[in-house]
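Colleague: Could you take a close look at one part of this model for me? I'd like the strand pairing and the loops that follow.

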Amino acid sequence: MKFTFVTLFPNLVEPYFQDSILKRAVDSNFINYEFYNPRDFTTNKHNKVDKQMVGGGAGMLMTPQPLFDCLDKIKESNEEAYIIFPLAAAKPFNQNDAKRLAKKKNIVFVSGRYEGIDERVIEKYANEVFSIGEFILTGGELPSLVMADAISRNVDGVLGNSDSLVMESYEDNILEAPSFSKPENFQNLSVVKEFLKGNHSKIADLKYNLAICKTKYFRPDLVTNKKIKN
């Protein structure tokens, strides 16, 4: 899996791949990444990539020419490039999207800045557009990293133990059950006793029931026909 980041600020993105799980994934060549800076493609003599919005409005907009030329270059070098724009006005990104996109060979994230990107760029090049939440950020780099992280975890080999992907939050539309570590008692707060008895069938049922309860409390919109096991 290759991630291509189109961004004016590569230094905001690259450090995230230099530690922990994603660093090991890069070192093992399960994933790799590259950068394209739209400023390298501008024909503006002042090296600008933004202009005022047609029809008025506060702030500046990333203009088409640099992004057209940049994305054309990417598509010429890799016809399998799958282009994603992080946008506030888009469908929500979810775990099923992460699993589905993990099967792609090259995902291109185009990060907007200022007041966003000229709509003509999105209309011409977007394979998909996603929002990571109902809030506004200063640029598309963080949403791109959020999606890249979620996708990477579902690429074969990235997680050392594939069982880590089993029964995570949002699998089967429920949140993950509470988890506990040793010691069994800490400052008079104890682990659920059933977890200590070694009956894996009962533990599995209990975790399922706790997951249903947690989902009903935090995300009742996800729970439709889920029932507690007796």
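Modeller: E5 and E7 run parallel, joined by five bridges (strands, E, are DSSP runs of at least two residues and helices, H or I, of at least four, numbered from the N terminus; two strands pair if DSSP finds at least two bridges between them). Proline 92 has serine 131 in E7 as its bridge partner. This is a predicted model, where local features need pLDDT of at least 70 and side-chain atom pairs count only at pLDDT 80 or more, while totals for chains, interfaces and linings use all residues. Residues are numbered from 1 along each chain as its sequence is written, and side-chain values use heavy atoms, leaving out hydrogens and water.

E5 (residues 81-92) also pairs with E6, again parallel, over four bridges, and isoleucine 84 sits opposite phenylalanine 109 in E6. To get from E5 to E6 the chain goes through helix H3 (residues 95-101), a right-handed β-α-β crossover (with the strands pointing away from the viewer, the path from the first strand over the helix to the second runs clockwise).

Now the loops. Glycine 112 is in the one between E6 (106-110) and helix H4 (119-125). Glycine 112 is buried at 12% relative accessible area (buried is under 20%, exposed over 50%, partly exposed in between, with a 1.4 Å probe and protein chains only). Leaving aside neighbours within four places in sequence, glycine 112 is in contact (heavy atoms within 4.5 Å) with Met62, Ile117, Gly139, Gly140 and Glu141.

Glutamate 134, in the loop between E7 (128-131) and helix H5 (141-152), counts as exposed at 88% relative accessibility.
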